[in-house]
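Here is a short report on one protein chain.

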Amino acid sequence: MKYLYFLSLLLFAAPSLAADSLVFTCERSENNYTETYQLKVTAASKNQKAKVFVDNRDLDRASELGRQTIRSVLISEFTVLISMEAQFPPENYDGVQYGAGSVITVIAINRPTGQLRKAETVKGGILSATLGEGTKTYQEQCQVANKS
């Protein structure tokens with residue numbers, strides 16, 4: 001149900017503020033582990049597709065280990081929405097054969113509060129075997145570092 005909420009936000013969001021680029025400092029916590037990272041988000045323009053960077057690493061990438069694609073980025077006055085998809089080929093790890101897998105991620109950031117909500121849907125592959133198949137939701141806290 002939460003996934004459908006994120007998807008509806010993505011489909012019916014206010015028009016993107018095209019050339020805007022936002023930089024957030026975000027904090028992710030799980031059990032006794034806390035990580036702080038920088039998230040830079042740029043909406044698509046006429047000359048460039050939407051981009052997302054974590055600690056200056058472009059999340060739109062491909063290699064022999066798989067492919068991750070930023071599907072869309074929408075930036076409005078109150079919300080930032082990001083949709084991405086990752087696909088992984090079959091692999092053999094520690095003598096166990098795993099099939100191909102995918103992860104679809106939808107992220108919504110409430111700009112006034114800095115609350116980041118992420119829904120990840122895992123299907124197949126080694127991630128399904130280790131993390132479990134299905135949709136999981138996460139919440140993190142961010143604040144705008146600067147606007148470029």
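## Strand pairing around β7

Alanine 86 has valine 103 as its bridge partner in β10. The model is predicted, so local features need pLDDT of at least 70 and side-chain atom pairs count only at pLDDT 80 or more, while totals for chains, interfaces and linings use all residues. Residues are numbered from 1 along each chain as its sequence is written, and side-chain values use heavy atoms, with hydrogens and water left out.

Strands here are DSSP runs of E with at least two residues, helices are runs of H or I with at least four residues, and both are numbered from the N terminus. Two strands pair if DSSP finds at least two bridges between them. β7 and strand β10 (residues 101-110) run antiparallel and are joined by 10 bridges. β6 and β7 also run antiparallel, with 8 bridges joining them. β6 and β7 form a hairpin, with 3 residues between them.

β7 is mostly covered, with 7 of its 10 residues buried. Buried means under 20% relative accessible area, exposed means over 50%, and partly exposed lies in between (1.4 Å probe, protein chains only).

Glutamate 77 sits in the loop between β6 (66-75) and β7 (79-88). Glutamate 77 is exposed, at 59% relative accessible area. Its C-alpha atom is 7.5 Å from that of arginine 111, which is 34 residues away along the chain.

## Whole chain

The protein has 2 helices and 12 strands. Their order along the sequence is α-β-β-β-β-β-β-β-β-β-β-β-α-β. Of the 148 residues, 36% are buried. Contact means heavy atoms within 4.5 Å. Among contacts with a separation of 6 or more, 43% join residues 24 or more positions apart. The accessible surface comes to about 9000 Å², and 52% of that belongs to carbon and sulfur atoms. These areas come from the Shrake-Rupley method with a 1.4 Å probe; for residues, only the protein chains shown count as cover.

## Pockets

Rolling a probe the size of a water molecule over the atoms shows where empty space is left. The search uses a 1 Å grid over the protein atoms alone; a pocket is an open set of points where a 1.4 Å probe fits, with protein on both sides within 12 Å along at least five of seven lines, and lining residues have an atom within 4 Å of a point. Grid points are joined across faces, edges and corners, and a volume is the space filled by probe spheres set on the points.

The largest pocket holds about 830 Å³ of space. It is lined by 28 residues, and Arg28, Gln68, Thr105, Lys118 and Glu120 are the closest to its centre. The elements that give two or more residues to this lining are β1 (21-30), β2 (33-42), β3 (51-54), β7, β10, β11 (115-124), α2 (125-131) and β12 (134-147). By class, the lining has 15 nonpolar, 4 polar and 9 charged residues. Ala, Val, Leu, Ile, Met, Phe, Trp, Tyr, Cys and Pro count as nonpolar, Asp, Glu, Lys and Arg as charged, and the others, Gly among them, as polar.

The second largest pocket has a volume of about 180 Å³. Its lining counts 14 residues, with Leu65, Phe88, Pro89, Glu91 and Ile126 nearest its centre. β10 and α2 each supply at least two of the lining residues. This lining divides into 7 nonpolar, 5 polar and 2 charged residues.

## Single residues

Threonine 105, in strand β10, is one of the residues closest to the centre of the largest pocket. Beyond its neighbours within four places in sequence, threonine 105 contacts Ile82, Ser83, Met84, Lys118, Ala119 and Glu120. Serine 21 lies in strand β1.

| Residue | Relative accessible area | C-alpha to C-alpha distance |
|---|---|---|
| Threonine 105 | 6%, buried | 6.5 Å to threonine 121 |
| Serine 21 | 7%, buried | 9.1 Å to lysine 51 |

Most residues other than glycine have a negative phi. Which phi does asparagine 31 have? Its phi is positive, about 55°, although asparagine 31 is not a glycine. Asparagine 31 lies in the loop between β1 and β2 and is exposed at 76% relative accessibility. Aspartate 55 also has a positive phi, near 50°. Aspartate 55 is in the loop between β3 and β4 (57-58) and is partly exposed, at 35%.
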